Amino acid sequence: MIRTLLMSAGVLAASVAFAAPALAQTELQWWHAMTGANNDVVERLAKEFNEKQSEYKIVPVFKGTYPETLNAGIAAFRARQPPAIIQVFDVGTGVMMQAEGAVKPVAEVLEAGGYIFDRSQYLPGIVSYYSKPDGTMLSFPYNSSSPILYYNKDVFQKAGLDVDNPPKTWAAVFEAARKIKDSGAAPCGYTSTWLTWIHTENFAAWNNVPYSTGENGLAGGEVELKINAPIYVQHFQAIADLAKDGVFRYGGRTSEAKQLFLSGECGILTESSGGLGDVVKSGMNYGIGQLPYDETAEGAPQNTIPGGASLWVFGGKSDEEYKGVAEFFNYLSQTPVQARLHQESGYLPVTMAAYEETKKSGFYDKNPGRETPILQMMGKAPTENSKGVRLPNLPQVRDLENEQYEAMLAGQKTAQQALDAAVEAGNAAIVEAQ
Amino acid sequence: MPKAAFPNKILPYLLLAPQVLVTLVFFYWPASQALYQSVLKEDAFGLKTEFVGLSNFSAILSNPNYLSSLQTTLIFSVSTALLAMAPALLLATAAEKVVRGKGFYRTLMIWPYAVAPAVAGLLWLFMFNPTMGTFAYMLRAYGVAWDPLLKGDQAMLLVVVAAAWKQISYNFLFFVAALQSIPRSLVEAAAIDGAGSTKRFWTIVFPLIAPTSFFLLVVNTVYAFFDTFGIIDAVTAGGPARATETLVYKVYIDGFVNLDLGGSAAQSVILMAIVIALTAIQFRYVERKVHYA
């Protein structure tokens, strides 16, 4: 702290004395929420970038969980001390976008650094999620993931299910889950993490049905939730029925249910592709399949939408700092860096070149299933139902949905009652937040 | 009353200064900020601020979720206070009867008080979480449909037990002190008159420790109201379906997760009024009764 103070005092004195750009290194803070192995990746990226050049210095600072990091960034902005770069999770995207003037679009930052921002170089599913309706990319996708299906091959074997072909539709998943439970292969057939992200937001995109009006909020303006349409009601009623018979087990609002799968209690799990590391580490005999879709939906499967986090740049910084950030983002998007990030961490590659490179290297042949989340997202050009969901208060709306899902799974409400209530409460909260 | 006089005119103010400063920085300043914020409507980044008068308050008070949170808080606080006090009294009377190793026994009893709320919460979570808890597994093996992730009453039970468990030590200490201050002669006289131990307890001991019990009731209620955030955050995060969302937890959720700063500040102002009322009750009734004891 004192050193930074002294240094900035020194920089100030130098610039006053010579009225010329200071020679000192420009320090750029990068606030993030990565723990464990992912934190090592952050530290290593910063170190490699700092060693490669001497003008800028990226300083990664761990700020706690995703919501904590976002709050720290907001508080710092209010105190006029924001970092240059902040990692914000997917549902915080709407919050950041609303803060025009507080953030500087990444496309502009890159251009300020002398780089041309070329949309076509990036994975379309990811870049459209982090862009304004007019196509300006607002934040830099750092860690993106997509929900997939995991299954326990030993349990499948015991239940007499096809070990090499995981179920592709929800109806088939539910049937397989019943078979697992009834045959006694496992005490529970199916569980899922993130009912909001997987069964609501991705369910909408993957089956090409609207989540809300106004292109799921991406078009801006008035937004009304559409998640009590018959297709959602049927889907959730099926899950509620399974829960009643103990075939489906609820784990919690975020990724707690992963534990139920890892412990062998449930035979099938839907989870983020980012959860792969833990599944591999558990040493179980697992298989991966694509996210199931609803076969009654026309055109399904469409494409999934990314979860994870992106890097935002705060406004009000100097040109020098923006140049540094541009250099860093340019470094991050280089093919070898991206390819390595993707292969080591299980995140999706951000650029097409990194994806091609990984494919050419034979990585997907050696690691079957690792390409699934990318194919899901890239299979088709996104429609207005599948670019993503963006609400000014998505974290709050997710909480309201979770509340109703819990009441429904506890048997207090039918799917229709729960979804109607979620829509009503969600719409009221959206109006309040706008 | 004779006026106490300090020879030095400045010294008393200097001696007071640290305490006043601490109160100013940690109470008056944040409290005034909360008051100010509670009449504003502002986006998270503070880019647009609008004066809205008391509309944050009227919005809260007409919100069914807030009223149900108030009810949840009352149920939670009363249950926690009772569950924290009854076993403490039982243990304290038992501790009185211990002949050897009294100190050791008491030390063990006081231990849980040193555990941080979040840690206490995690401890109980690890035992009873349906996905990984040992006891949850055992309960299910015995055919109990244990699932606090979906069943609100079970979730409430879990946080009440965790919150009360931590507070038992504190109550134990006070009850031990209260029991020791009861004159031996009174109890012995009753015994000579033929009163059994149950009768002695209800007719002599219990009325004499009543002021302590009342004091503890207020302290425990305040504790359950305001110091259990860590436990609730760690164990249930307010769920399922808001079944354990207390007023304090709601302030956090609305302010820091939902980023509704005005509404959250208004709720904290209401909470501030509740604390002031509780403290006033404590001073007015408890302090007066202490003389009697």
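These questions and answers go through a predicted model, beginning with chain A as a whole and ending at its side towards chain B.

Student: What radius of gyration does chain A have, and which value would a compact globule have with 434 residues?

Tutor: For 434 residues, a compact globule would come out near 22 Å, and the value for chain A agrees with that. Along its principal axes, the C-alpha trace spans about 80 × 50 × 40 Å. The radius of gyration of chain A itself is 23 Å.

Student: How much of chain A counts as buried?

Tutor: A residue counts as buried here if 20 or more other C-beta atoms lie within 10 Å of its own C-beta atom. Applied to the 434 residues of chain A, this gives a buried share of 52%.

Student: Which strands lie at the edges of the five-stranded open sheet in chain A?

Tutor: The sheet has mixed pairing, and its strands follow the order β8-β7-β9-β6-β10. Inside this order, β6 (residues 147–152) and β9 (residues 266–272) of chain A run antiparallel and are joined by five bridges, with A:P147 standing opposite A:S272.

Student: Which helix gives the largest share of the side of chain A that touches chain B?

Tutor: In this contact, 24 residues of chain A meet 18 residues of chain B. Helices α3, α4, α12 and α19 of chain A each supply at least two residues of that side, whose residues divide into twelve nonpolar, eight polar and four charged. The largest share, six residues, comes from α19(A).

Conventions
Residues are numbered from 1 along each chain as its sequence is written. Chains are lettered from A and ligands numbered from 1 in the order in which they are written. This is a predicted model: local features need pLDDT of at least 70, side-chain atom pairs count only at pLDDT 80 or more; totals for chains, interfaces and linings use all residues. Two residues are in contact if their C-beta atoms, placed from the backbone, lie within 7 Å. Helices (H or I, at least four residues) and strands (E, at least two) are DSSP runs, numbered from the N terminus. Ala, Val, Leu, Ile, Met, Phe, Trp, Tyr, Cys and Pro count as nonpolar, Asp, Glu, Lys and Arg as charged, and the others, Gly among them, as polar. Two strands pair if DSSP finds at least two bridges between them. The radius of gyration is taken over C-alpha atoms; the globule rule is 2.2 Å times the number of residues to the power 0.38. A residue is buried if 20 or more other C-beta atoms lie within 10 Å of its own, exposed if 12 or fewer, and partly exposed in between; C-beta atoms are placed from the backbone.
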